[in-house]
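Student: I have a model open and would like to learn how to read its features one at a time. Where do we begin?

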Amino acid sequence: MQIGLGFDLHRIKPCRAGSIVVAGVRIPAPYRIIAHSDGDFVFHAAADAVYSALGLTDIGDKFPAGLAKTRKMNSRLILESAMRELKKRKRRLLNLSVVIAAERPKLGPYRQAMRHSLAETTRLPPGKIGITLKTFENLAPLAEKAVACWANCLIK
Ligand code: MG
């Protein structure tokens with residue numbers, strides 16, 4: 001068995017009637033995420049956790065920012081790609097745990113949708129996906145300027 005760890009952080013920009021994509025779920029927010037792709041920081045961290053467990057390089061290496069092909073990219077494709085690498089090596093994902101840090105909006109109402117979205121892409125049963133929701137405890141500048149995610153997985 002191998003454990004994998006991934007992390008991602010994105011800057012945010014205030015935006016009236018903005019929205020963010022978190023684990024594939026679009027959520028209204030008073031800001032938007034600054035990113036070359038769709039900025040789905042949970043998919044980014046989860047993909048890096050899988051790559052890391054496989055001893056592969058990270059998503060910055062595989063899906064470099066600044067290229068036309070990664071511009072506004074649907075980040076679900078990145079996690080799908082990591083899952084293909086897993087399958088190619090005849091390995092299996094046992095569980096995935098993510099910690100999401102965002103000051104606002106409250107993500108609790110979206111937890112189940114995020115869990116099912118992650119389950120769909122990883123083919124894990126929803127019960128093998130942990131989603132922990134945190135804030136930055138109002139600590140500036142993180143609380144006002146960033147969202148982040150840590151992801152952990154175990155593979156066999
Ligand atoms: Mg990212």
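Predicted model: local features only at pLDDT ≥ 70, side-chain atom pairs only at ≥ 80, totals over all residues.

Student: Which protein atoms are the donors of the magnesium ion?

Tutor: They are OD of Asp8, NE2 of His10 and ND1 of His44, lying 2.2 Å from the ion. Asp8 and His44 link distant parts of the chain: Asp8 belongs to strand 1 and His44 to helix 1, 36 residues apart.

Student: Are Asp8 and His44 buried or exposed?

Tutor: The cut-off for buried is under 20% relative accessible area. Asp8 has 15%, so it counts as buried. His44 has 5%, so it is buried too.

Student: How do I read the strand order of the sheet?

Tutor: The order lists strands by their place across the sheet, while the strand numbers run from the N terminus. In this model an open sheet of 5 strands has the order 2-1-5-3-4, and its pairing is mixed. On average, neighbouring strands are turned by 30° against each other, direction ignored.

Student: In what sense do strand 1 and strand 5 pair?

Tutor: Strand 1 (residues 2–22) and strand 5 (residues 146–155) are antiparallel, paired over 10 bridges. Within strand 5, Leu154 is the residue opposite Ile3. Helix 1 (residues 41–53) packs on this sheet and touches strand 1, strand 2, strand 3 (93–101) and strand 5. The direction of helix 1 makes about 165° with that of strand 1.

Student: What can be read from the length of helix 4?

Tutor: One compares its end-to-end reach with the expected span. Helix 4 (residues 111–122) has 12 residues and reaches 16 Å from first C-alpha to last, close to the 16 Å expected. Its buried residues include Met114, Arg115 and Leu118. The buried residues of helix 4 pack against strand 1, strand 2, helix 1, helix 3 (76–88), strand 3 and strand 4. Just after helix 4, Arg123 has a positive phi of about 60°.

Student: How many disulfides are found?

Tutor: The search of the whole structure gives 0 disulfides. For Cys153, the nearest cysteine sulfur belongs to Cys149 and is 12 Å away. Cys153 is buried at 2% relative accessible area, whereas Cys15 is partly exposed at 26%.

Key: Residues numbered from 1 in each chain as written. Heavy atoms only, no water. Pairing = 2+ DSSP bridges. Helix = DSSP H or I, 4+ residues; strand = E, 2+ residues; numbered from the N terminus. Axes fitted to C-alpha atoms, helices over the stretch in contact; angles between N-to-C directions. Contact = heavy atoms within 4.5 Å. Disulfide = S-S within 2.5 Å. Buried < 20%, exposed > 50% of the residue type's maximum accessible area, 1.4 Å probe, protein only. Expected span 1.5 Å × (residues − 1). Donors = N, O, S within 2.8 Å, 3.2 Å for Na, K, Ca; no water.
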